[in-house]
Amino acid sequence: MCEFKISAQEPLITVRPAFLDEAENIHEVISVSMRMYCLNAGIPEAALDASSETVDDVRAAISTVPFFVAVSNKDGIVG
């Protein structure tokens, strides 16, 4: 586990392996991030593979490959 701290108190963000029951939240973070990327880059969402990714795809990835999430102690999964 990796932690990033601003002060000596609690970590701001912890990076850790993802859990299967987090797939929906992870999918939402990925979807929002990709929409923002497309908007800022001026490219159509359909041009990215992530636009067709499903929650089941995320679950499959968590189950088969090393899959990490960034977790904020205030906001939950942020990346």
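This briefing walks through the fold, the core and one serine of the protein shown above. The model is predicted, so local features need pLDDT of at least 70, side-chain atom pairs count only at pLDDT 80 or more, and totals for chains, interfaces and linings use all residues. Residues are numbered from 1 along each chain as its sequence is written, and side-chain values use heavy atoms, with hydrogens and water left out.

**Overall layout**
- The protein has two helices and four strands, in the order β-β-α-α-β-β from the N terminus; helices (H or I, at least four residues) and strands (E, at least two) are DSSP runs, numbered from the N terminus.
- Of its 79 residues, 23% are buried, meaning under 20% relative accessible area with a 1.4 Å probe, protein chains only.
- Among contacts (heavy atoms within 4.5 Å) with a separation of 6 or more, 55% join residues 24 or more positions apart.

**The nonpolar core**
- The largest nonpolar core has eight residues: A18, A23, I26, V58, I62, V69, V71 and I77. Such a core is a set of buried Ala, Val, Leu, Ile, Met, Phe, Trp, Tyr and Cys residues joined through side-chain atoms within 4.5 Å.
- Two or more of these residues come from each of α1 (23-41), α2 (55-64) and β3 (68-72).
- Leaving out residues up to four places away in sequence, A23 touches V55, V58, R59 and I62.

**A closer look at S72**
- S72 sits in strand β3 and counts as buried because its relative accessibility is 10%.
- The S72 side chain reaches the backbone nitrogen of K74 at 3.1 Å, and a polar atom of that side chain lies 3.2 Å from the backbone nitrogen of D75.
- Beyond four places in sequence, S72 touches L12, I13 and V78.

Note on methods:
Buried < 20%, exposed > 50% of the residue type's maximum accessible area, 1.4 Å probe, protein only. Polar contact = N/O pair within 3.5 Å; in protein donor to acceptor, adjacent residues only side chain to side chain.
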